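Here is a short tour of one protein model, written for someone who likes cut-offs spelled out. Have a look at the chain first, and then we can go through it piece by piece.

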Amino acid sequence: MSYQIVVCGSIVPDPLQTLEPVSGPTGPSLKNEMMLPSVLDPWAWHALFEAAHLAKNVAGSKVYLVSVAPKAKLQQVMMTVGQKAPFELIVVDGPSSGFTDAAEIAPLLAEAIKGIPGLDMSKLLVFGGWESASRGAGSTMQIVGELLGITNQFQGVDKLTVGADGSFEILERIEGGKHQVSKCAGAPVVLGWATGSLPEPPNNPQIGMQNMRAIMPALQKAKPAKVATDAVKYASVALPKQQRQTKIVKDLPADEIAKEIVAWING
């Protein structure tokens, strides 16, 4: 059994930068957003590593990376990402802002997946981030799966084990810091990855050159997507305010200190 593994992932501003939200005529955005350096979404990174590892171990499998993002900035990010693992890029030229609604982005991803030549639902594995540094609604992958007619969905996945009969054993996070082990008969399936268990692959210039031969044409033929901005209204956007109150006391019991902290938080 071979697999068609589709990884859904967009780009986000480098988290090491200062991100300041502003309100404009078209809605909220980040200050100097187009000038900020971008990276592939961290959760999508994990999904891509896991997909590449699975494809390497299952002969005949192929990885696709489907991304809704501004193609000019995506091209810069692909210079780095393309050296990590072999994949075929599918681009939808659209916004990558965290202020876009998951209900607007998920259909674009689903349509792009449906347009993959030779798509075989019996071999389809849809990977993505359980969370996101931009679209952290926790619902994008679920909507994509529903639009594709895939009801076997697992969120918060840390490990995937393929059985000899093609079945899957999935380790996923649940409440209370615990994990549960789920079993699935096989594809198709949607997996929203948490951190996974694999390290970041080293750069491989040969893989990078191989990927770039297909990445550049994919970027050039990317279709622009119109995403509605009026689906969600934002009353205001602002950085969290910093607040600090210092009180120095001596010989106060720990219980009293705890009560004062709780009263301060509740106040």
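Where is the place of Ile248? Ile248 sits in the loop between strand 13 and helix 6; helices (H or I, at least four residues) and strands (E, at least two) are DSSP runs, numbered from the N terminus. Before going further, some housekeeping: this is a predicted model, where local features need pLDDT of at least 70 and side-chain atom pairs count only at pLDDT 80 or more, while totals for chains, interfaces and linings use all residues. Residues are numbered from 1 along each chain as its sequence is written, and side-chain values use heavy atoms, with hydrogens and water left out.

Ile248 counts as exposed, at 79% relative accessibility; exposed is over 50% relative accessible area, buried is under 20%, and partly exposed is in between (1.4 Å probe, protein chains only).

Now for the inside. In soluble globular proteins, nonpolar side chains tend to be buried together. A nonpolar core here is a set of buried Ala, Val, Leu, Ile, Met, Phe, Trp, Tyr and Cys residues joined through side-chain atoms within 4.5 Å. The largest one has 40 residues, and Ile5, Met78, Phe87, Leu89, Phe127 and Leu191 touch the most other members. Helix 1 (residues 42–57) gives the most to this core, with 8 residues. A second, separate core has 23 residues, including Ala106, Ile113, Leu124 and Val144.

Ser67, in strand 6 (residues 62–69), is buried, with a relative accessible area of 1%. A polar atom of the Ser67 side chain lies 2.8 Å from the backbone oxygen of Gly9. Leaving out residues up to four places away in sequence, Ser67 touches Gly9, Ser10, Leu74, Ile90, Val91 and Val92, where contact means heavy atoms within 4.5 Å.

Finally, the charges. The structure holds 4 salt bridges, each a side-chain nitrogen of Lys or Arg within 4 Å of a carboxyl oxygen of Asp or Glu. Among them are these:

| Salt bridge | N to O distance |
|---|---|
| Glu200 and Lys84 | 2.8 Å |
| Glu111 and Lys114 | 3.8 Å |
| Asp158 and Arg173 | 2.8 Å |

Asp158 lies in strand 9 (residues 153–162) and Arg173 in strand 10 (residues 168–174), so this pair ties together parts 15 residues apart in sequence. Asp158 counts as buried at 9% relative accessibility, whereas Arg173 is partly exposed at 33%. Glu111 and Lys114 both lie in helix 3 (residues 102–114), 3 residues apart, about one turn of the helix. Glu111 is exposed, with a relative accessible area of 52%, and Lys114 is partly exposed at 43%. As for Lys84, this residue counts as buried, at 10% relative accessibility.

Notes. Polar contact = N/O pair within 3.5 Å; in protein donor to acceptor, adjacent residues only side chain to side chain.
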